[in-house]
Amino acid sequence: MRRALALARRGVGTTHPNPRVGAVVVSDGTIIAEGWHRRAGEAHAEFAALRQAGSAARGATLYVTLEPCSGHGRTPPCTDIVMRSGVRRVVFASDDPNPQMSGGAALLREAGIEVCGGMLRDVADELNRPFFHFVRTGRPYVVAKAAISLDGKLATRRQHSQWISGEGSRRHAHRLRAASDAILVGAGTLAQDNPSLTVRDAHRRGEVPLRAVVCDDMPVFRPDYRLLDGQAPARLYVRNFNGQADAWRAAGAEVVPAESLNVVLQHLGKEGRLALLLEGGGRLHAAFFEARLADELVLYQAPLIIGGEEAVGLWHGKGVAHVSDALRLDDIERRRLGQDQLIRGRIRYPAQ
């Protein structure tokens with residue numbers, strides 16, 4: 001199963017809106033075939049592995065990181081392929097949460113195949129967290145990322161932020177970008193930082209992530225925006241339109257009306273962009289926190305103090321009134337990245 005999980009990880013950046021899945025066929029204790037789902041519309045992992053195994057699959061064991069699907073999508077049900085292959089036993093990690101595809105284990109058992117589920121389930125579930133989250137909520141899994149000072153500042157009172165974090169943190173951030181389907185910032189970050197939002201110092205297997213900006217008002221067009229350099233698609237989500245829209249479109253940016261963050265997330269989810277990296281700034285982070293739409297937080301905390309009431313904070317808004325209302329992190333990861341500290345965890349919101 002560990003080998004199947006390693007194969008499934010090759011699908012990071014290519015499979016969405018489908019899950020990342022790997023499979024191996026084992027006979028007499030030896031792996032005789034393996035495969036993984038490469039991208040939506042192509043062969044599922046089970047089919048790829050069993051096709052490679054051929055007649056040698058008869059009597060063998062199939063290890064797969066996700067319960068074989070029972071529904072017909074762009075490809076036939078994997079349960080049909082498994083039953084025709086002649087394998088004696090199927091071992092899977094995660095249950096399929098998709099009601100249109102789940103139930104494969106029961107069908108295989110009815111066909112006389114021995115089925116065992118739950119092996120390394122936690123590892124497999126983590127690998128497909130964006131997919132599972134989308135199936136459950138209908139929106140992308142949002143990772144909020146920020147570089148902060150010891151006193152929680154994203155930028156100085158003059159909006160200066162480059163660079164708070166060190167090189168190690170920035171390399172790690174680019175790996176996050178490489179694993180994302182879209183990168184989202186606010187209009188303030190666009191105007192102040194003019195970010196490129198591209199993947200550098202990290203390998204991306206699939207298409208480059210969409211670069212998106214959330215705006216209350218259509219931003220004034222500037223031809224020097226790095227967002228328009230053609231290295232990746234660019235999109236503006238805008239609540240209030242004005243005469244600037246045509247200039248943005250002519251420069252290659254897509255302009256989409258969006259009255260709320262929920263509309264933005266639904267639009268991204270329908271496109272199959274299930275892993276969203278939220279890069280701020282402080283007001284956009286605050287909006288996501290207050291709407292309970294951020295799912296995970298990644299902080300690069302640098303050993304410096306910025307200070308000042310006018311400096312930009314991570315939650316650049318009202319915040320909470322009582323400590324009992326604070327957001328908390330679960331499953332926390334901490335480690336050193338050069339002189340910085342990485343703090344990562346899933347966000348737990350207080351009960352309403």
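Phe221, Tyr225 and Trp248 are linked into a cluster by ring pairs, where rings of Phe, Tyr and Trp (its six-membered ring) pair if their centres lie within 6.5 Å. The model is a predicted one, so to speak with cut-offs attached: local features need pLDDT of at least 70, side-chain atom pairs count only at pLDDT 80 or more, and totals for chains, interfaces and linings use all residues. Residues are numbered from 1 along each chain as its sequence is written, and side-chain values use heavy atoms, with hydrogens and water left out.

By the ring rule there are four aromatic pairs. One of them, Tyr225 with Trp248, is stacked, at 5.4 Å centre to centre and 25° between the planes; stacked stands for planes under 30 degrees apart, edge-to-face for over 60, and tilted for the rest. This pair ties together distant parts of the chain, 23 residues apart: Tyr225 belongs to the loop between strand E9 (210-217) and strand E10 (234-240), Trp248 to helix H9 (residues 245-250). Helices (H or I, at least four residues) and strands (E, at least two) are DSSP runs, numbered from the N terminus. Both Tyr225 and Trp248 are buried, that is, under 20% relative accessible area with a 1.4 Å probe and protein chains only; exposed is over 50%, and partly exposed lies in between.

Phe289 and Trp315 make a tilted pair, because their planes stand at 50°, with ring centres 5.3 Å apart. Phe289 is buried at 5% relative accessible area, while Trp315, at 25%, counts as partly exposed.

Charges get in on the rings as well, a charge sitting over a ring if NZ of Lys or CZ of Arg is within 6 Å of the ring centre and within 35 degrees of the ring normal. Arg222 lies over the face of Tyr225, 4.3 Å from the ring centre, and the charged end of Arg10 sits over Trp36, 4.6 Å from the centre of its ring.

Back in H11 (residues 282-290), the buried residues include Phe288 and Phe289. Both are among the residues with the most contacts inside the largest nonpolar core, which has 32 residues; such a core is a set of buried Ala, Val, Leu, Ile, Met, Phe, Trp, Tyr and Cys residues joined through side-chain atoms within 4.5 Å. Another core, of 25 residues, lies apart from it and includes Val25 and Leu66.
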